[in-house]
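Let's walk through a structure together, one question at a time. Keep the view open beside you as you read.

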Amino acid sequence: MAGYASPLALPLPRGGAAHWVRSYWTLIRWHLAGLRMWLSLLATIQVLAGAGFIFGIALFFRHIPATAALFVCTGVPVINLVMVGLILGPQLVAEQKLKGSYEFTRSLPVPKTAAAGAWYTVCLLAGLPAVAVSLLLAEARYGIAFTVSPSIVPAVALTAFTGTMLGYGLGHAIPNPMTTRLITQLLIFAIFGYVPILFPAAQLPGWLVEVNGWLPFGHMAVIVRAGLTTGLVTGVAASYAIVAAWGALGVALSGWALGRRG
Amino acid sequence: MTSTVPGAVAGGRLRLPAGRRSGAGYWLACLRVMLRFDLGRARSWAPMMVLIQILMGAGMAVMYGFFYPRITPAVALYISTGTPTLALVPLGFVLIPGIVGQDKTEGTYDFVWSLPVPRSAQAVSTFVLYTLLCLPGTVLALVVATWRYGLHLTVSPQLIPAVLVSALVAVSVGFGMALMIPDPSIANLIANTLIFVVLLFSPIVFPPANLPGWLFAVDRVLPFYNMAEVIRAGLTTGLVTDLVPCYLTLLGWLAAGWLMTTWVLGRRR
């Protein structure tokens, strides 16, 4: 390895904090280099999709009610945040499995936590531009004045973390790529329409509200909304706990899937 | 796939007529064989496809209702009659590109195109199969929507050509596009993300009067609104008036889908 003096070469010995940090940094560069086309395309599509929702929702109504606009505008950033990690992450892993590059990636001499951390960072970075553009567009289109509080930082970080880790776990745990594609498609569908992200929970039937109480996605919207508005949401602490619990579940699932031999 | 191939080689049910490999008779025999071949391959995912379609069609019909604080009868009528289109569009523009993409990655086309069968017969077989697979999910989605919103629709015979043409357009354009775009993962990404936006901006589940004029002008050229209109005309009376431009636009898209397919299939590699 040393003889090649490659810019991505890792030093020996392979242990300790320095190795972890170096692996983490190397993998971020690896992802950014490998996915540069993909990520720039993705950022564009995310911005377009966010803009699409913000402008498109007005077409549902002759005159859009202010609450409907507010919910869509604060919900779109949540979708932007989880889209990369939760939906496109597993599809990417599925594609690697089909192409045969999956085994190679897994054989890289890096700590699993550094690999997961690097992937989280890339997903967060890929989602943030779309979040910013969505909020600016919302402000321009509906004249909504967001009251951004410092709690937006942990809200965004945790939402992206849980989304990414769940996607990471799913992608690695599901052996069949077709199943992964199917599940992610159902997820994206549910997130747009069956979870109170883009509209108030009161517009859903009671049983669906109950179900969403146990799932992380509606709570992601609650914590992000709490960082962007005042007086719109309640029970923020419980929402943080539920989103964090799902994040932990995602970590456990990833750990199990990656710890397997096979 | 491997289970079907030996049958073809060993003179099983998939044998083609001996002698000159041309003429209408030979083409029809090829179509029959390809249909059986495609049906055999489809067995693994066809039930899943119908299921997804029911979820997408019926699921989206229910979902659109959640976006409204109050569902008026007019809102309910537009959502219900737009449902069949909602069931057809994701199938043609997301699911089929996904399947084509996977076939490309796995190298299936390299095999299929090497068969001693005209490629036109292969394409027609694909279109027929997918169009037929579209139908059960579309009908079920409509049933679910009418039940959810408690509507009584007046079904007329013109619903049949409307659904058939719309399904064929969705399948043909989706298939042609998927063949044209070289990288399947990019095709998949674009399809997945933009389909919801396309559906948002097309007056399928809401009246065109909600749209600004220029946007409606765009939608009249795209296939989605026109599919919704011809199907809506078969489910209601008096809501849709002039169907000729809708059908003409749809036939144009059908031709475009077939042209794209022909172009890719006709190329030598």
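Predicted model: local features only at pLDDT ≥ 70, side-chain atom pairs only at ≥ 80, totals over all residues.

Residues are numbered from 1 along each chain as its sequence is written, while chains are lettered from A and ligands numbered from 1 in the order in which they are written.

Q: Are H4(B) and H7(B) roughly parallel or roughly antiparallel?
A: Helices here are DSSP runs of H or I with at least four residues, and strands are runs of E with at least two, numbered from the N terminus. Axes are lines fitted to C-alpha atoms, for helices over the stretch in contact, and angles run from 0 to 180 degrees between N-to-C directions. Helix H4 (residues 73-106) of chain B and helix H7 (residues 159-180) of chain B pack at about 30°, with axes 8 Å apart. Under 35 degrees counts as roughly parallel, over 145 as roughly antiparallel, 65 to 115 as roughly perpendicular and the rest as oblique, so H4(B) and H7(B) are roughly parallel.

Q: Is the crossing of H7(B) and H10(B) left-handed or right-handed?
A: H7(B) and helix H10 (residues 223-233) of chain B pack at about 160°, with axes 8 Å apart, and that makes H7(B) roughly antiparallel to H10(B). A crossing is left-handed if the near helix is turned anticlockwise from the far one by less than a right angle, and right-handed if clockwise. The crossing of H7(B) and H10(B) is left-handed.

Q: How many of the residues of H7(B) are buried?
A: A residue is buried if 20 or more other C-beta atoms lie within 10 Å of its own, exposed if 12 or fewer, and partly exposed in between, with C-beta atoms placed from the backbone. H7(B) has 22 residues and is mostly covered. The number of buried residues in H7(B) is 18.

Q: Is B:Trp263 buried or exposed?
A: B:Trp263 is in helix H11 (residues 244-266) of chain B. Its C-alpha atom is separated by 30 Å from that of B:Pro84, 179 residues apart along the chain. Because B:Trp263 has 12 other C-beta atoms within 10 Å, it is exposed.

Q: Which helices do the buried residues of H11(B) pack against?
A: Among the buried residues of H11(B) are B:Cys246, B:Leu250 and B:Trp253. These buried residues of H11(B) pack against helix H6 (119-149), H7, helix H9 (213-221) and H10 of chain B.

Q: How far apart are the end C-alpha atoms of H6(B)?
A: The expected span of a helix is 1.5 Å times one less than its number of residues. For the 31 residues of H6(B) that should give 45 Å, which agrees with the distance between its end C-alpha atoms, 45 Å.

Q: Which helix gives the largest share of the side of chain B that touches chain A?
A: The contact takes 26 residues from chain B and 29 residues from chain A. Helix H3 (46-66), H4 and helix H8 (184-201) of chain B each give two or more residues to the chain B side. The largest share, 11 residues, comes from H8(B).

Q: Is the crossing of H3(A) and H6(A) left-handed or right-handed?
A: In chain A, the axes of helix H3 (residues 66-99) and helix H6 (residues 152-173) come within 8 Å and cross at roughly 20°. That makes H3(A) roughly parallel to H6(A). The crossing of H3(A) and H6(A) is right-handed.

How values were computed
Contact = placed C-beta atoms within 7 Å.
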